[in-house]
Amino acid sequence: MSDLAKTPGTSTEKPAAAAPAAEQPAAPVPAVDPRLLVREEGFKGYWSEFTRKVRGGELGSLPVFVGLIVIAIVFQFQNSNFLSASSVANVAVYSSGLGIMAVGIVFVLLLGEIDLSVGSVAGVGAAVWAVLNVNNGWNEWLAIIVAVLSGMALGALHGFFFAKIGVPAFVVTLAGFLGWSGLQDWMMGGEGSINTPSGSAVENLTNYFFEDKAAGYGLALVAVLAYAASLLVDSRRRKTAGLPARPTSEVVLRTAVVAVLCFVVAYVLNEPEGARGLPLALVLFLAVLIVADFVARRTSFGRQVFAVGGNPEAARRAGINVDRVRITVFALSGTLGAFGGLFIASLSGGATKSVGGGNTLMLVIAAAVIGGTSLFGGRGKVWSALLGMIVIQSIQQGLNMIGMANAIQYMITGAVLLAAVVIDSVSRRTQKTAGRA
Amino acid sequence: MSATPVLALRGISKRFGAVQALTDVDLEIHPGEVVALVGDNGAGKSTLVKTISGVHPIDEGAIEWEGETVRINRPNDAQELGVATVYQDLALCDNLDVVANLFLGSELRKASVLDEIAMEKRAKELLDTLSIRIPSVRIPVASLSGGQRQVVAIARALIGDPKVVILDEPTAALGVEQTAQVLDLVERLRERGHGVILISHNMADVRAVADKVAVLRLGRNNGVFDVASTSHEEIIAAITGATDNAVTRRQARTDTKEDAK
């Protein structure tokens, strides 16, 4: 391999001074391990690193992107409306609520745990909002806030039993799954369903579209500029600090890919016939993703979540309050679960006894896993909630459009989930043999 | 070497229920000094170290830090004083990269956002001054070898610039080359003026790097020896608690054989 080379002495200046050569009877010590793979500058180095990573089992989001392209091609051939504006908008809107719940699940999976209660918590969230706002006449924003906070409280309760009492998270959240869906039923009382008032905030969650085309293009432009700026600032700071930085070619390539994706989506939502513009739900979902990704990668709390997921004992000895991290993550999952429940209520026209029931839980967990977050803890990205949920919703949308029966849809979604977990397990094994896990 | 020890234990006792784990133990650590703590299994080495690192508060006696009497009741107390402990079972997070592991629990932040660049820079400087060679500071610890992981664990203890570093069996389970690297690192800690407590069962390692050997036997002091002027046999005798036992008899036998040759 051409990128193996790194000759002794060229990389660092210090070692000769720091390690007296007299103690080393052998040849002078190479400053850097000679087996190290050093990336070449420029596009070629980028490509060779990419192929090496893929061979080493670090697939990242690659399987999902390939899967999405396959899905798009297959369904577009079956039904030429699959990539139409209304279909894409549908996928975006249906992805949003469940996707926000999946973000919470990503954090729980990063801890190496599971939250089976997220669907029931969503149902309770929707019920709390409906009972307070519609039945008791509370201010709708206050009702929304109380609903989301009640999700947080339920999540924190799971976290407490898991972290402080030591009950396995699987069992605690299974109890929550049963218990909270009972609570939801009880709160809905005899009515069975409480309709969303027309024009209310919750109705708008999934039914409001920014019809002004400037919204879609503007958001795409802001996203691309912010992304490029963050890459450029980062690589300039790294260069001034004397650290290896991303080559400009990589910055350009990454920005170009993000720009194409953003503007194609904005175009499809805005331009074709029947387009309604940018859905509010998608904007909220993206906002949650960006904030959550920032928390996961750039804050101490995010670092602590990864540490606890990787090795709880090491985290404890490093002075991290492991119990607090665990409770916080479960509270976060409950919060986002209840928030997602409002989206589901909005889509189904009101809070019902079945909000968050059925396959909601499975879709949410499947999305996080399909998107590439490991079930074994410590490895994953917040963005996997978006990618995985788009895969699931695209399949459902496509199967609906070609008139496939519900039974078949379940089987196909199940097969996709299995495929995702197989890819996760196999790539972990490959990473182990390649010494990267 | 300064006259005041950085850390001094005076008459430490510790009971666990019916077991008197430590009885009236004294120990002194000076800056720039490597003290090996040796003793048979169950002699109280680990308990003594845990009293210093705050895992087990002491029952009787006093701990003096730079001449002042202090209380160490929690691990945080020890860390705040400047005691860093490298545990036998490494305690690194496999999924995090070297930089993240080095700064885990004490991340550098800028307006409450992780300052990755400052951390990476300091990590590189620290690893350079310790002459630690690892492929990259941005690869997961999982892909490092056992020796590399051990030196990362030791480097991790130095992030807070401690005055006393406790190493619990740092060379157990390491190969020849890796052991040498760790011993080099211990010497560099001494050069930088850290006081080092080294727990080891390996007499060769102890004699290679330690200045003094403190022997514990059945929870009591059984002598502090100057490594340069003490023979291997004297230390073994102190550890086993007798001058006539299987070890010394065997030693005498092999010596006479060598004389006969």
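Trainee: How many of the eleven residues of H15(A) are buried?

Mentor: This is a predicted model, where local features need pLDDT of at least 70, side-chain atom pairs count only at pLDDT 80 or more, and totals for chains, interfaces and linings use all residues. Residues are numbered from 1 along each chain as its sequence is written, with chains lettered from A and ligands numbered from 1 in the order in which they are written. A residue is buried if 20 or more other C-beta atoms, placed from the backbone, lie within 10 Å of its own. H15(A) is largely enclosed by the rest of the structure because its buried residues number ten.

Trainee: How many residues in the contact of H15(A) with H16(A) are nonpolar?

Mentor: Contact means C-beta atoms within 7 Å, placed from the backbone. On the H15(A) side, A:Leu363 and A:Ala366 are among those taking part, and they meet residues of H16(A) including A:Gly388 and A:Met389. With Ala, Val, Leu, Ile, Met, Phe, Trp, Tyr, Cys and Pro as nonpolar, Asp, Glu, Lys and Arg as charged, and the others, Gly among them, as polar, this contact has no charged residues, two polar ones and, as nonpolar, ten.

Trainee: Over in chain B, is B:Lys14 buried or exposed?

Mentor: B:Lys14 sits in strand E1 (residues 7-16) of chain B, and its contacts beyond four places in sequence include B:Leu22, B:His56 and B:Asp59. Because 22 other C-beta atoms lie within 10 Å, B:Lys14 counts as buried.

Trainee: Which element gives the largest share of the side of chain B that touches chain A?

Mentor: In this interface, 30 residues of chain B are in contact with 33 residues of chain A. The elements of chain B that give two or more residues are H2 (75-81), E8 (113-114) and H4 (116-129). The side of chain B divides into 14 nonpolar, nine polar and seven charged residues. The largest share, five residues, comes from H4(B).

Notes:
Contact = placed C-beta atoms within 7 Å. Helix = DSSP H or I, 4+ residues; strand = E, 2+ residues; numbered from the N terminus. Buried ≥ 20, exposed ≤ 12 C-beta atoms within 10 Å, placed from the backbone.
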